[in-house]
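Hi,

Here's the structure I promised to pass on. Have a look at it first, and then read my notes below.

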Amino acid sequence: MLQGLMMDRPLLVSGILEHAARAYPESTVVSANAAGERSRYTFREIHARVHQLAHALIRLGVKPGDRVGTIAFNSNRHLELYYALAGIGAVCHTINPRLFPEQISWIANHAEDSILFFDTVLTAQVATLAPSLAKGTRFVAMADGPLPSDAPEGTLDYETLIAAEKDSGLFDWPEFSENTACALCYTSGTTGNPKGVLYSHRSQILHALSKMLALLKMFGSDKRILAVVPLFHVNAWGLPYSCFLTGTSMVLPGSRLDGASVFGLMDDEGVTTNFGVPTVWGMLMEEIRKQGRKPATLEHGLIGGAALTMPLLKAMEEFGIRAVQGWGMTETSPVSTTTTADIINGPANANPRKLRQGVPTWTTELKLVDENGKRLPHDGVSRGDLLIRCPYVTSGYYNDAKGTAAAFDEEGWFRTGDVSVIHPTGEMEIVDRSKDLIKSGGEWISSLELESAALSCPGVTAAAAIAVFHPKWSERPLLCVVKAAGAEVSADDVRTSIASRMAKWQVPEDVVFIDALPMTATGKISKLTLRERFKDFYASA
Ligand code: ADP
């Protein structure tokens, strides 16, 4: 092959920050804290703060390749960590604060995080976790005022650390391969222990670019995006990078995600697009209905993490908000399919094609297979397991050979655990899920964990958890339980057993007692039969 004669410059995240400060110095990052107060920084100021933070990280002893944990909501400080850690060649490991404490410490210990940066609203949680973390783990509080008194001993203060670097000058970003790791996020959307997805500079940049190509009208220095999607979850669907690449101002809501707070933030800050899961959109639409109007400048809404439903679509259209659906996974960076522009910007007539998950983003390839791995046609009818291949799809979980081995087919494609059809138009549509999990309000609940927690309740002989459609949470778990003959066991007894082992929001509201679990021909519990039997459980409640 004849090689091109072009400069071989690496695609690095530090390059995005430098570009943003040069090209869009006046674009802004607005952050709301838990008290509802807002801070405002221009990209020029964020750039300066990131350089100070990079010096501070080096002074704390962070080395290239080190994993540094964050346990925080969306704020400018969290965003600054993304850039400073990637810039020095370290890894920003975002941890989901909604997970059960044992899961969080498992994740932090598996990643071997050397430092944990945390939001002060999460101090009590971090203090509880601290004894279960590796000895020598250091803590930094991202505080607006004095350090909370219950913070772990020796906790440092973020603002003090960066203020000390005010006169250190610009950081000299190192150059390294674009395949170097820069971010880490564990998914609990799999069976077994959480699995780490380790993103590279190259994958983050390609993902940000290809997402922007699909969503051209949402980005630009005249746009302002609210990131309701958390920075702790799959890099807030790539927003930190795509906003800085295009000069799109960012609005970060902190921990307050109720309809009224989100509405107020959008209205005051001139937000043009919001990215979020259907549950948050539902709460926002309730507020919009209450006020009888949408936030003044809101044009688009990106919905992902769970399916857009017809009632939500109709509500958005009624108020003149263009709905865009995206599908993806932690393992796919995540945005891998989106609604096409002609459909997004076409008539607001409840077009059912808007409920499809959309066409692949640039570089994404999708394949459908039957139970024997044989390819199925993209005819809009054949249903099969969905597999994906792309430069921003994981090639293997972090330090998890067993998890990795199960995740790919023999051609190296990643198994999504979603069941889909692909239409001749190229649109993918999810019709079911083969992974035995429940996704409630954008967060995962393991059926297996629910079942084993239920079995720990005296008097329960068999249990099966299924996902049932819920109008607010997209899905809620429904636990079907079989009692031992003559046993006196109530739904509350079962719920109490589960609550002692799992997070409160994971405990099913409803437990139904049935005579026997339906079985498949091969002797497995037939969840399909249960799902069919209870499909309208909440819808008809
Ligand atoms: P995210 O929440 O960012 O989508 P996760 O890895 O937590 O990432 O979850 C991915 C899974 O969520 C997908 O495999 C699919 O089951 C579900 N999902 C994501 N987006 C959609 C969507 N638009 N419609 C239906 N299901 C979706």
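Before the details, one term: two strands pair if DSSP finds at least two bridges between them. Also keep in mind that this is a predicted model.

Let's start with the sheet. Nine strands make up an open sheet with mixed pairing, and their order is β2-β1-β11-β10-β12-β13-β14-β15-β16. The edges are held by β2 (38–42) and β16 (359–360); each has a single partner strand, so one side of each has no neighbour in the sheet. Helix α9 (residues 239–246) packs on it, touching β1, β10, β11 and β12, and its direction makes about 145° with that of β11. Helix α10 (residues 259–269) lies across β1, β2, β10, β11 and β12, and runs at about 40° to β2.

Which residue in β14 does H300 stand opposite? That's R322.

Now for the second largest pocket, which holds about 560 Å³ of space. It is lined by 26 residues, and the closest to its centre are A406, A407, R415, T416 and G417. Strand β19 gives the largest share of the lining, four residues, while β18 (384–389) and α14 (401–407) each supply at least two. Sorted by class, the lining has ten charged, eight polar and eight nonpolar residues.

Why does this pocket lie between domain 1 (13–256) and domain 2 (362–433)? Because both domains give residues to its lining.

Cheers

Conventions:
Residues are numbered from 1 along each chain as its sequence is written. This is a predicted model: local features need pLDDT of at least 70, side-chain atom pairs count only at pLDDT 80 or more; totals for chains, interfaces and linings use all residues. Side-chain values use heavy atoms; hydrogens and water are left out. Contact means heavy atoms within 4.5 Å. Axes are lines fitted to C-alpha atoms, for helices over the stretch in contact, and angles run from 0 to 180 degrees between N-to-C directions. On a 1 Å grid over the protein atoms alone, a cavity is a set of points where a 1.4 Å probe fits but cannot get out, and a pocket is an open set with protein on both sides within 12 Å along at least five of seven lines; lining residues have an atom within 4 Å of a point. Grid points are joined across faces, edges and corners, and a volume is the space filled by probe spheres set on the points. Ala, Val, Leu, Ile, Met, Phe, Trp, Tyr, Cys and Pro count as nonpolar, Asp, Glu, Lys and Arg as charged, and the others, Gly among them, as polar. Domain bounds come from an automatic or database domain assignment.
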